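The following report describes one protein model for a reader who is new to structural analysis. Please examine the sequence and the structure before reading on.

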Amino acid sequence: MKMEELLKKCPECGSQDKTVQRKIMDEHRAHATTKAIVCEKCGYVFESGENKESEE
């Protein structure tokens with residue numbers, strides 16, 4: 001997700017606060033993959049890492 005997209009307001013509630021949920025890799029504890037980018041206020045999912053992996 002680009003910086004401009006991170007600054008956009010949520011289409012559901014208008015909040016700009018987002019949380020990046022990450023999944024820690026078991027074999028490399030210091031590494032993580034992006035699980036999802038979610039609105040803190042309403043839970044709207046902006047981007048899901050699972051969808052991104054299936055596209056590639």
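## Overall architecture

Along its sequence, the protein follows the pattern α-β-β-β-α. Its secondary structure therefore amounts to 2 helices and 3 strands, where helices (H or I, at least four residues) and strands (E, at least two) are DSSP runs numbered from the N terminus.

This is a predicted model, in which local features need pLDDT of at least 70 and side-chain atom pairs count only at pLDDT 80 or more, while totals for chains, interfaces and linings use all residues. Residues are numbered from 1 along each chain as its sequence is written, and side-chain values use heavy atoms, with hydrogens and water left out.

## Surface and contacts

Of the 56 residues in the protein, 16% are buried. Buried means under 20% relative accessible area, exposed means over 50%, and partly exposed lies in between (1.4 Å probe, protein chains only). The protein exposes about 4700 Å², and carbon and sulfur atoms supply 45% of this area. Accessible areas come from the Shrake-Rupley method with a 1.4 Å probe; for residues, only the protein chains shown count as cover.

Among the contacts in the protein with a separation of 6 or more, 25% join residues 24 or more positions apart. Contact means heavy atoms within 4.5 Å.

## The aromatic pair

The structure holds 1 aromatic pair. The ring centres of Y44 and F46 are 5.0 Å apart and the planes stand at 85 degrees, so the pair is edge-to-face. Rings of Phe, Tyr and Trp (its six-membered ring) pair if their centres lie within 6.5 Å; planes under 30 degrees apart count as stacked, over 60 as edge-to-face and the rest as tilted.

Y44 is partly exposed at 30% relative accessibility, and F46 is partly exposed at 21%. K18 lies over the face of F46, at 4.9 Å from the ring centre. A charge sits over a ring if NZ of Lys or CZ of Arg is within 6 Å of the ring centre and within 35 degrees of the ring normal.

## Two individual residues

E12 is placed in the loop between α1 (3-7) and β1 (18-24). Because its relative accessible area is 59%, E12 counts as exposed. Leaving aside neighbours within four places in sequence, E12 is in contact with C42 and Y44. The C-alpha atoms of E12 and C39, 27 residues apart along the chain, are separated by 9.2 Å.

Not counting residues up to four places away in sequence, S48 touches K35 and A36.
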